[in-house]
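Visitor: I am new to this structure. Please show me how to read a few of its features.

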Amino acid sequence: MSTDALVLLKQDHQDIKRLFTEFENAGKNAFATKQKLADEILANLTVHTYLENECMYPRVRELVPDIEDDILESYEEHHVADVLCMELATMSPEDERFVPKMMVLMENVRHHIEEEEDEWFPKVREALGRKPLQEIGQQMLEMRPTAPRRPSQPSALKKALDAILS
């Protein structure tokens, strides 16, 4: 398994996009399936944004100052996703706004993934090279087991509050 930070993040992106597709393909009244998928989506996004905010973004911001604006935009996109995740975590698939809110979350996250992978991941790879990306990836792998899995967990809430207050 690779420890390259960008490879790890792209794998997370693929997993999240797969869950989005499964959610979209669930039947209109497949409430149990939608709840299960929503729980997985929220867990995956909570872990992923935590690892990016607490590990990847600060290191890249320090090492590749040319993409600071991209990083700051990514923090804001994460903040929007965090708010939507917190709201979705308190809702039921039967709520009339649940599916529309999930669709907004999916649209925002897909846009964010596209920007990262198409625009700034290539710049980061070129600027940092293999060894620093492997070191960042190793740190992310070490952080993953203790990363928050629910938007309501204190470390996830701290991340959202930091984004608001920063």
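Guide: Note that this model is predicted. Let us start with a pair in one helix. E22 and R18 are four residues apart in helix α1, so about one helical turn separates them.

Visitor: What do E22 and R18 form?

Guide: First the general idea. Side chains of opposite charge can pair when their charged atoms come close. Here E22 forms a salt bridge with R18, and the closest N and O atoms are 2.8 Å apart. E22 is partly exposed, at 35% relative accessibility. R18 is partly exposed too, at 42%.

Visitor: How many salt bridges are there?

Guide: The count is 10 salt bridges. One of them joins R61 and E68, with the closest N and O atoms 2.6 Å apart. R61 is partly exposed, with a relative accessible area of 33%. E68 is partly exposed as well, at 30%.

Visitor: Which parts of the chain does the pair of D70 and K123 link?

Guide: D70 forms a salt bridge with K123, the closest N and O atoms being 3.8 Å apart. The pair links distant parts of the chain: D70 lies in helix α3 (residues 68-89), K123 in helix α4, 53 residues apart. Is each end buried or exposed? Buried means under 20% relative accessible area. D70 has 19%, so D70 counts as buried. K123 is partly exposed, at 43%.

Visitor: Back to helix α1. How many residues does α1 have, and how far does α1 reach?

Guide: Helix α1 covers residues 5-25, which is 21 residues. From first C-alpha to last, α1 reaches 30 Å, close to the 30 Å expected at 1.5 Å a residue. At its start, a side-chain oxygen of D4 comes within 2.8 Å of the backbone nitrogen of L6.

Visitor: Which residues of α1 are buried?

Guide: They are A5, L6, L8, L9, D12, H13, I16, L19, F20 and F23. Look down the axis of α1. These buried residues fall within an arc of 160 degrees, so they line one face of the helix.

Visitor: What covers the buried residues of α1?

Guide: The cover includes α2 (31-63), α4 (98-128) and α5 (130-143).

Visitor: How many disulfides does the count give?

Guide: The count is zero. C55 is in no disulfide, and the nearest cysteine sulfur, that of C85, is 20 Å away. A disulfide needs two cysteine sulfur atoms within 2.5 Å, so the sulfur of C85 is too far from that of C55 for a bond.

Visitor: Are C55 and C85 buried or exposed?

Guide: C55 counts as buried, at 1% relative accessibility. C85 counts as buried at 3%.

Terms used. Residues are numbered from 1 along each chain as its sequence is written. This is a predicted model: local features need pLDDT of at least 70, side-chain atom pairs count only at pLDDT 80 or more; totals for chains, interfaces and linings use all residues. Side-chain values use heavy atoms; hydrogens and water are left out. Helices (H or I, at least four residues) and strands (E, at least two) are DSSP runs, numbered from the N terminus. The expected span of a helix is 1.5 Å times one less than its number of residues. Buried means under 20% relative accessible area, exposed over 50%, partly exposed in between (1.4 Å probe, protein chains only). The arc is that of the directions from the helix axis to the C-beta atoms. Contact means heavy atoms within 4.5 Å. A polar contact is a pair of N or O atoms within 3.5 Å; within protein, one must be able to donate a hydrogen and the other to accept it, and residues adjacent in sequence count only if both atoms are side-chain atoms. A salt bridge is a side-chain nitrogen of Lys or Arg within 4 Å of a carboxyl oxygen of Asp or Glu.
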